[in-house]
Amino acid sequence: EKLKSLGSSFFNLINPIQAEFPSAERQIKSLALLFGLIAIFQWYKEFRLVKFMLSEDPIAWDLSMFEYFLPLILLPIGLILFWLRKKSGWILMVIYFTYSAISAAGLIILTWNLEGSAIPALDDLLPQSSPISHIVTCLFFGAALWVLNQKKIRDHYNISKQGSIVTLVITAAFSLLFIAQFFL
């Protein structure tokens, strides 16, 4: 009975068809579950490269290394604190979502303006990503930001509307500074 009850509650958590609007607690659990799976997938996908990068001399690292490791570290730490209902977890998740949405917006612009090389074999070897995939990514993280900034979620973490706006603006400014280097 306990296993059946646990399975039923898990199914109710991930069931996309609901009779009522989900509560703040349900939205928090859903976000944590979804982005927990994304964090595990990211680490699985990047494990070999992370292992290689950590074996290199850290003195030779530059800003791009920080930018590479930031999402890999920020998401798991933010998720743990978010799951524990800490205010800092909410802030880290907003920082991660804002940074990811703005980075995806920058990639939309870059891929839209990117032209293929004159060498077809090189284009086959290094195919360009579609701007549509970056649009979907931007919308995905934008939707996650919208959920986090709903009043009932903010109230759950004791975040004021002004605090939310300040977090978004500061993160957006730093994220734009990071991606500006690709446009200059």
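Trainee: Okay, how many helices and strands does the chain have?
Mentor: The chain has eight helices and zero strands. Helices (H or I, at least four residues) and strands (E, at least two) are DSSP runs, numbered from the N terminus. Heads-up: this is a predicted model, where local features need pLDDT of at least 70 and side-chain atom pairs count only at pLDDT 80 or more, while totals for chains, interfaces and linings use all residues. Residues are numbered from 1 along each chain as its sequence is written, and side-chain values use heavy atoms, with hydrogens and water left out.
Trainee: Got it. What share of the residues is buried?
Mentor: Of the 184 residues in the chain, 33% are buried. Buried means under 20% relative accessible area, exposed is over 50%, and partly exposed is in between (1.4 Å probe, protein chains only).
Trainee: Which residues touch the most other members of the largest nonpolar core?
Mentor: Those are Phe-35, Phe-82, Trp-90, Met-93, Phe-97 and Leu-148, out of 25 residues in that core. A nonpolar core is a set of buried Ala, Val, Leu, Ile, Met, Phe, Trp, Tyr and Cys residues joined through side-chain atoms within 4.5 Å.
Trainee: And which elements give two or more residues to this core?
Mentor: They are α2 (24–55), α3 (63–83), α4 (87–113) and α6 (131–148). The largest share, seven residues, comes from α4. There's also a second, separate core of five residues, with Val-50, Met-53, Met-65 and Leu-72 among them.
Trainee: Back to Leu-148, what is this residue in contact with?
Mentor: Leaving aside neighbours within four places in sequence, Leu-148 is in contact with Leu-31, Phe-82, Trp-90, Met-93, Val-94, Phe-97, Ile-153 and Arg-154. Contact means heavy atoms within 4.5 Å.
Trainee: New topic: how many aromatic pairs are there?
Mentor: The count is nine aromatic pairs. Rings of Phe, Tyr and Trp (its six-membered ring) pair if their centres lie within 6.5 Å; planes under 30 degrees apart count as stacked, over 60 as edge-to-face and the rest as tilted.
Trainee: Why is the pair of Tyr-96 and Phe-141 edge-to-face?
Mentor: Their planes are at 80°, with the ring centres 5.8 Å apart, so the pair is edge-to-face. Tyr-96 lies in helix α4 and Phe-141 in helix α6, so this pair ties together parts 45 residues apart in sequence.
Trainee: Is Phe-140 buried or partly exposed?
Mentor: Phe-140 counts as partly exposed, at 34% relative accessibility, whereas Phe-141 is buried at 8%.
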